[in-house]
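Hi everyone, thanks for coming. Let me put the model up on the screen, and then we can walk through a few of its contacts together.

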Amino acid sequence: MTQTPTSESLSVRQQAIIPIAAFGAAGDMPRLHAALNEGLDAGLTVNDTKEVLVQLYAYAGFPRSLNALGELMKVVEARRQRGVHDAQGQLPSRPIPQGEALLAAGTANQTRLVGSPVKGALFEFAPAIDAYLKAHLFGDIFERDNLDWQSRELATVAMLSALQGADSQVQSHMGISMNVGLTASQLKQLTQVLADRVDAESARRAREALARQLAARASR
């Protein structure tokens, strides 16, 4: 997986992903509508945006994902009727593995993202969720290479920050974000985008998770 070149600030396109992901997770359709228009204006393609909203279901469930995709359909059609022709963007460039090959690919992706193999008592207690994470989230979704992993992690952190009770997952994905090349400065900017364009509570969750992740890394 080739990652987006890293700088010390998020691009306009990367910033546009954050409110789309957060409002989709929160189920706030009016604000999502505005964020989708802003994101398309900022250079997100239709397929970029679809990928974010398809990935949403892994973190906020099918209802929020389906509703958000329905809103994107409305936005794209309304823009078309106004004479705005949005770029469709890329589709995945390779077929997704199947069966045991999918599980192997997902396990490898998960290990690379997290930085080490993922195991523990929870996954021994409920092995089905371990298989679903590896084969589906990190396989089916993260094998789709038309959205880079940095963009997927920006979306994930924004989604989780918009949800109550997902603090440990926000912290974990702050770490994964760094593992795929996002810098502490960029992640601090993510929290500021949440503060400026989403809400104070989402920004607080993200800031606290980032602080815990940085402190944990500093103590190693």
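So, is Phe 138 buried or exposed? Phe 138 is buried, with a relative accessible area of 5%; buried means under 20%, exposed over 50% and partly exposed in between, with a 1.4 Å probe and protein chains only.

A quick note on where this comes from: the model is predicted, local features need pLDDT of at least 70, side-chain atom pairs count only at pLDDT 80 or more, and totals for chains, interfaces and linings use all residues. Residues are numbered from 1 along each chain as its sequence is written, and side-chain values use heavy atoms, leaving out hydrogens and water.

Back to our ring. Phe 138 and Phe 142 form a tilted aromatic pair, 5.4 Å centre to centre with 35° between the planes. Here rings of Phe, Tyr and Trp (its six-membered ring) pair if their centres lie within 6.5 Å, and planes under 30 degrees apart count as stacked, over 60 as edge-to-face and the rest as tilted. Phe 142 counts as buried too, at 0% relative accessibility.

Now look for the charges. Arg 152 lies over the face of Phe 142, 5.9 Å from the ring centre, and Lys 134 lies over the face of Phe 123, at 6.0 Å. For that, NZ of Lys or CZ of Arg must be within 6 Å of the ring centre and within 35 degrees of the ring normal.

Last stop, please: Tyr 57 and Phe 62 form a stacked pair, 4.3 Å centre to centre and 15° between the planes. Tyr 57 counts as buried, at 17% relative accessibility.
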